[in-house]
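Dear colleague,

Please find below the structure that I am handing over to you. My notes on it follow directly after.

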Amino acid sequence: MWFFARDPVRDFPFELSPEPPEGSPPGPWVLHRGRKKATGSPVSIFVYDVKPGAEEQTQVAKAAFKRLKTLRHPNILAYIDGLETDKCLHVVTEAVTPLGVYLKARAEADGLKELELSWGLHQIVKALSFLVNDCSLIHNNVCMAAVFVDRAGEWKLGGLDYMYSAQGNGGGPPRKGIPELEQYDPPELADGSGRAVREKWSADMWRLGCLIWEVFNGSLPRAAALRNPGKIPKSLVPHYCELVGANPKVRPNPARFLQNCRAPGGFMNNRFVETNLFLEEIQIKEPAEKQKFFQELSKSLDSFPEDFCRHKVLPQLLTAFEFGNAGAVVLTPLFKVGKFLSAEEYQQKIIPVVVKMFSSTDRAMRIRLLQQMEQFIQYLDEPTVNTQIFPHVVHGFLDTNPAIREQTVKSMLLLAPKLNETNLNVELMKHFARLQAKDEQGPIRCNTTVCLGKIGSYLSATTRHRVLTSAFSRATKDPFAPSRVAGVLGFAATHNLYSMNDCAHKILPVLCGLTVDPEKSVRDQAFKAIRSFLSKLESVSEDPTQLAEVEKDVHAASSPGMGGAAASWAGWAVTGVSSLTSKLIRVHPTAAPAETNVPQRPAPEGLPAPAPTPVPAAPTTSGPWETQEEGKDTEEDSSAADRWDDEDWGSLEEAESVLAQRDDWSTRNQASRAGQASNPGHRSQESDWSSWEAEGSWEQDWQEPSPPEPPPEGTRLASEYNWGGPEPSDKGDPFAALSVHREAGAQSRRDSWGDDNWEGLETESRQVKAELARKKREERRREMEAKRAEKKAAKGPMKLGTRKLD
């Protein structure tokens, strides 16, 4: 039977990369890139090939293998695995790059900052302090070739080939035999006379001075070059001079060197070093210290290296959230670091944490997530949003904290494109209906209307037809003035989603009622919207062939690119949620119906002059949904409508100040409102609003209104009048079906149009009502007086102070 010996190299769980070795340092070892066979994770593999006649070098390599395997310190190269055979030695460590290669690559890219260098040197000195003070070991090989850098930018001390004990155990220092390494030896070793009394760390501190010189000035040509500091920073020069002094006795201990450099104004006294030191000890810090650290971390991340943020700060943030109960304070730095990640890394590292955060009951956590949703929404897929995020976010609509309800409404702007049919058209609409009708906060009702207008293009055709008109009509009756403005602007922004019949029968009657609103901002926007809708109706009336083009989006499937307005809104919705209300009227110009060449109808002759009103004169033509008006309209926009450009949708703290901005209309309408209040048939806006609270949801309110009752016989319809335009053409008129009596009696009514004194009839009607009310009050007064007289006569006179006896 044959037995085959197993190849240990082939069975080794790590394999070398086919790429050539990268910048191997001088010495017996050759550095290769590699990976773990099971997981594919990158590693570095140091390989030493045993050669005949090199027993001394082989013993040095085996000693280094043993030292690296037993020494564990954050600043010393981390050992992972190893392989020792008769032909070779393999030492597997964390993935690193030689310092010389790293500095050259950074210099060619964006340059190396002093912050990074200060922390790198801090790590090497700390490793030397550990070896000398804690282990009584002399490194004996500190130079550029013995330092490596990991993927986070951390400097690691390696090159342990020539290490020996400071206590004299095991003999003196081994012989190097490599000229490139012997040039870093201190002068007292080269002399060999032993004239100077030195400390155990003296030689390594000299070599540290050589390393500092090379880091800032490049390769060391000769020892005499150390006299010129070159590009070494001024704050480091005094301490550097102590290292390369001729007297080895005065060279500082590594721990003392760190203390000197960390003094106020020292080279290593900066925010970057302090952050790293805190992260190294974060597990033993108090919760209050962690909270303060994470709050201040975001301000410093912009000046920190990208690799450091990705590979050192991010793991600490994730650990702090998972096990440290850091809470919402980690969100801001977490999302800031997330900008440095690729899409794949973001999905693997950030998204699982974000999904878990949404299930938290911590209000601070929830509101922070909602406020910063725009930073991670692009990385969330639709199944995750609908199954793991939306069910938790929707609880915010019912929260007792108004700030959470407000942020939840705003977040729907970003979540709507990713919601499925049920969540968007059923579940979300129920919550919006309840908020708009019953929420006690005016800004929240206003923002609900605004958000509905923004996401209108994502709704299904059935939901749009059932919801939008009723919702915006309800908003126009809100006692909170900005909500009424939002309702008008909602009509304007979704103008392409309504049929011509809806525009004429449902929308224009609502808008006309707002032309006498007490708030000037509401009146201004109402007049603009009325002109826009009238221009659409007029253009279709002039050219009926445009009807199909104008109504192309009415029955279209939900899509963010359905119309010009919807497209511009959807594009803006992905980028942010600030100043949402002001964006309502900024719609893409292609969405507006053309109005430039529409002929204007002359005013009918014979009409009486209208009653004077304080409504400012409007231009005869204007862009339907744009705010590009000149002169007076521009000033009005900046003073009234552009109040919506304030930060964050009309915040809860400042929204109530809008109600104080009243003008003359408030006083002029007080008398009329008082008269209307005495009329039991009149319903004010406030009474309408209180009645909405009892109505429930949009399932009841947002239904198609019942068809209007037919007018009494003989009533003249508005469509029967000739409005001063040209004679009807032979083209098919889409409005013909709206009129039952198209031309019957048209001429006689046209002749009698100017005889109707509308102002006189209205005045007479008011006088009659006032007279009837006065008579009723007089009759009631007489009845009360008669009743009092009867009671007095029946009981007889009574004296004060007397007691009635039985």
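Helix α18, residues 402-415, consists of 14 residues and spans 20 Å from its first C-alpha to its last, close to the expected 20 Å at 1.5 Å a residue. Helices here are DSSP runs of H or I with at least four residues, strands are runs of E with at least two, and both are numbered from the N terminus. The expected span is 1.5 Å times one less than the number of residues.

This is a predicted model, in which local features need pLDDT of at least 70 and side-chain atom pairs count only at pLDDT 80 or more, while totals for chains, interfaces and linings use all residues. Residues are numbered from 1 along each chain as its sequence is written, and side-chain values use heavy atoms, with hydrogens and water left out.

Of the 14 residues of α18, 12 are buried, so the helix is largely enclosed by the rest of the structure. Buried means under 20% relative accessible area, with a 1.4 Å probe and protein chains only. Among the buried residues are Ile-404, Arg-405 and Leu-415.

The structure holds 16 aromatic pairs (ring centres of Phe, Tyr or the six-membered ring of Trp within 6.5 Å; planes under 30 degrees apart are stacked, over 60 edge-to-face, the rest tilted). The ring centres of Phe-46 and Phe-148 lie 5.5 Å apart with planes at 85 degrees, so this pair is edge-to-face. Phe-46 belongs to strand β3 and Phe-148 to strand β8, so the pair ties together parts 102 residues apart in sequence. Both Phe-46 and Phe-148 are buried.

Yours sincerely

Key. Buried means under 20% relative accessible area, exposed over 50%, partly exposed in between (1.4 Å probe, protein chains only).
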